[in-house]
Amino acid sequence: MTNETKQAAVAGHTPGPWHVTYDGTVKSASGTVADCIGIERVRMNNARLIAAAPDLLAALERAASALEYAAHLERNKKMIATLNQHATDARAALNKAKGAV
C-alpha cells in the first residue's frame, strides 16, 4: 500500500490518481469516482478539476505546513500575520474538503 493510498484510506476518499475519460467521467484504479454532466466544455472542466482533487489535497497539506513553519521562523510581525492567515485559510479549505466543517 502506497503512502497516498494509506492517506486516502484514513481520509475516507478513493485513492488517487484519478483521470478523466473522453466523456467527462472521473475514474480511479478502483472504478468511477464521478460522472460529470452538462455542456461539454463545462463538463470536461469540472471533470479535470475533480480529477486533480487528490493532488490538490496533498499539495495544500504541504503548503499549509510550510506556511506554518515559515511563520514560526519569521521575525517581521506583519509577515507573521500574513503567513498565519494564509495557513489558516489553507487549513479551512482542507477541513472543508475532509468534511470537518
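Two strands pair if DSSP finds at least two bridges between them. This is a predicted model, in which local features need pLDDT of at least 70, side-chain atom pairs count only at pLDDT 80 or more, and totals for chains, interfaces and linings use all residues. Residues are numbered from 1 along each chain as its sequence is written, and side-chain values use heavy atoms, with hydrogens and water left out.

Q: How do you know that β1 and β2 pair?
A: Strands are DSSP runs of E with at least two residues, and helices are runs of H or I with at least four, numbered from the N terminus. Two bridges join β1 to β2 (residues 25–28), and the two strands run antiparallel. The requirement is at least two bridges, so β1 and β2 pair. Within this pair, His 19 stands opposite Lys 27, and Val 20 is opposite Val 26.

Q: What lies between the strands in the hairpin of β1 and β2, and which residue takes a positive phi?
A: Four residues lie between the strands, and Gly 24 has a positive phi near 90 degrees.

Q: What makes β2 and β3 a pair?
A: Four bridges join these antiparallel strands, which meets the requirement of at least two. Lys 27 of β2 faces Thr 32 of β3, and a hairpin through two residues connects the strands.

Q: Why are β1 and β3 called edge strands?
A: The open sheet has three strands in the order β1-β2-β3, with antiparallel pairing. Both β1 (19–20) and β3 (31–35) pair on one side only, and they are therefore the edge strands.

Q: Why is α3 called roughly antiparallel to α4?
A: The two helices pack at an angle of about 155 degrees, with their axes 9 Å apart. Angles over 145 degrees count as roughly antiparallel, under 35 as roughly parallel, 65 to 115 as roughly perpendicular and the rest as oblique. The angle between α3 and α4 therefore makes them roughly antiparallel. The angle is taken between N-to-C directions on a scale from 0 to 180 degrees, and each axis is a line fitted to C-alpha atoms over the stretch in contact.

Q: In which hand does α3 pass α4?
A: The crossing of α3 and α4 is left-handed.

Key:
Left-handed = near helix turned anticlockwise from the far one by under 90°.
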